[in-house]
Amino acid sequence: MRASTVLLCSVVLIQVFAAQIDAKRSRSPWQTLSGDAPLVIARGGFSGLFPDSSIDAYNFAMQTSVAGAVIWCDVQLTKDGHGICFPDLKLNNASNIGDVFPNRQKSYPVNGVTTLSWFTIDFSLRDLKNVSCKYL
């Protein structure tokens, strides 16, 4: 109950600050090259509260951000050619892939170094449905 209250208060505060920033935008001169307001870019979504690049992080960033915010996604390709938003080349750095597929590690040269890990290129989108993001 306490965690949900803190989360609700955080959302309300973010909305209040976003509204104030949006209201000031039309009256304030911006020191950008074009003179327009700077873009708000959410890399990995709202990854301070949710796991980086998770659907919850992206949804929350869009719901609580100022108008015109940009979502930045690191795209990794799967075995069947689908693009997924994932913050790292190696799946084990930000997911529970080792728990779901403990015996499917492979070695690839990464920047000239042979690296043993779970890579998106070895899994189909269907395989990854049971894998979830975790906090970095």
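Which residues does D74 touch, not counting residues up to four places away in sequence? They are R43, I84, C85, F86 and P87, where contact means heavy atoms within 4.5 Å. Before we go on, a word on the numbering and the model: residues are counted from 1 along each chain as its sequence is written, and this is a predicted model, in which local features need pLDDT of at least 70, side-chain atom pairs count only at pLDDT 80 or more, and totals for chains, interfaces and linings use all residues. Side-chain values use heavy atoms, with hydrogens and water left out.

Let's step back to the whole chain. The protein chain has three helices and six strands, and from the N terminus on they run α-β-α-β-β-β-α-β-β. Helices (H or I, at least four residues) and strands (E, at least two) are DSSP runs, numbered from the N terminus. Of the chain's 136 residues, 27% count as buried; buried means under 20% relative accessible area, exposed over 50%, and partly exposed in between (1.4 Å probe, protein chains only).

Now back to D74, which sits in the loop between β2 (70–72) and β3 (75–77). Its side chain is joined to that of W72 by a polar contact of 3.3 Å. That term stands for a pair of N or O atoms within 3.5 Å; within protein, one must be able to donate a hydrogen and the other to accept it, and residues adjacent in sequence count only if both atoms are side-chain atoms.

Follow D74 to F86 and you meet another set of partners. Leaving aside neighbours within four places in sequence, F86 is in contact with S53, D74, Q76, L91, A94, S95 and C133. F86 also belongs to the largest nonpolar core, which has 10 residues in all, including I84, L91, A94 and W118. Such a core is a set of buried Ala, Val, Leu, Ile, Met, Phe, Trp, Tyr and Cys residues joined through side-chain atoms within 4.5 Å. In soluble globular proteins, nonpolar side chains tend to be buried together.

Our last stop is D88, in the loop between β4 (83–85) and α3 (97–100). D88 and D74 are 14 residues apart in sequence and 7.7 Å apart in space, C-alpha to C-alpha. D88 is partly exposed, with a relative accessible area of 24%. Its side chain reaches the backbone nitrogen of K90 at 2.8 Å. Setting aside neighbours within four places in sequence, D88 is in contact with Q76 and N93.
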